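Here is a short report on the packing inside one protein chain.

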Amino acid sequence: QVQLVESGGGLVQAGGSLRLSCAASGSIFRIDAMGWYRQAPGKQRDMVAAITSGGSANYADSVKGRFTISRDNAKNTVYLQMNSLKPEDTASYYCTMKVYTGYYYSNDYWGQGTQVTVSS
């Protein structure tokens with residue numbers, strides 16, 4: 001079994017910064033893509049940022065230039081550095097990873113979510 005544990009959420013004023021972390025543990029052969037999604041109350045879950053195993057990243061237009069996704073493959077961890085935060089960034093943030101538990105077997109796993117609240 002594989003578990004993803006997130007940390008780093010909290011309350012911050014507009015213009016501030018937060019860094020989210022998500023660490024995977026369990027029966028891991030290798031990890032392919034990693035990403036972050038967010039969901040505000042009453043809204044759908046949307047992609048924020050994603051990073052391939054080779055380190056190529058892409059971002060939602062709303063966070064380009066403010067958020068940076070990175071990964072540490074040795075630690076099976078993905079990070080999201082969030083700068084210049086805005087009230088509209090307020091949401092629950094979820095990490096996701098495509099984890100191979102064997103040479104051919106993979107599943108998409110999700111973290112439990114961490115709350116980010118940006119006050120104006």
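The model is predicted: local features need pLDDT of at least 70, side-chain atom pairs count only at pLDDT 80 or more, and totals for chains, interfaces and linings use all residues. Residues are numbered from 1 along each chain as its sequence is written, and side-chain values use heavy atoms, leaving out hydrogens and water.

**Core**

A nonpolar core is a set of buried Ala, Val, Leu, Ile, Met, Phe, Trp, Tyr and Cys residues joined through side-chain atoms within 4.5 Å. Buried means under 20% relative accessible area, with a 1.4 Å probe and protein chains only. The largest such core has 29 residues; Trp36, Val78, Leu80, Met82, Tyr93 and Met97 touch the most other members. At least two residues each come from several strands, among them strand 1 (2-7), strand 3 (18-26) and strand 11 (114-119). Strand 9 gives the largest share, five residues. Strands are DSSP runs (E, at least two residues), numbered from the N terminus.

Leu80 has contacts (heavy atoms within 4.5 Å). Leaving aside residues up to four places away in sequence, its partners include Trp36, Val48, Phe67, Ile69 and Tyr93.

**Disulfide**

A disulfide is a pair of cysteine sulfur atoms within 2.5 Å. The count is one. Cys22 is joined to Cys95, S to S 2.0 Å. The two lie 73 residues apart, in distant parts of the chain. The link is right-handed, with 50° about the S-S bond.

Conventions:
Buried means under 20% relative accessible area, exposed over 50%, partly exposed in between (1.4 Å probe, protein chains only). Helices (H or I, at least four residues) and strands (E, at least two) are DSSP runs, numbered from the N terminus.
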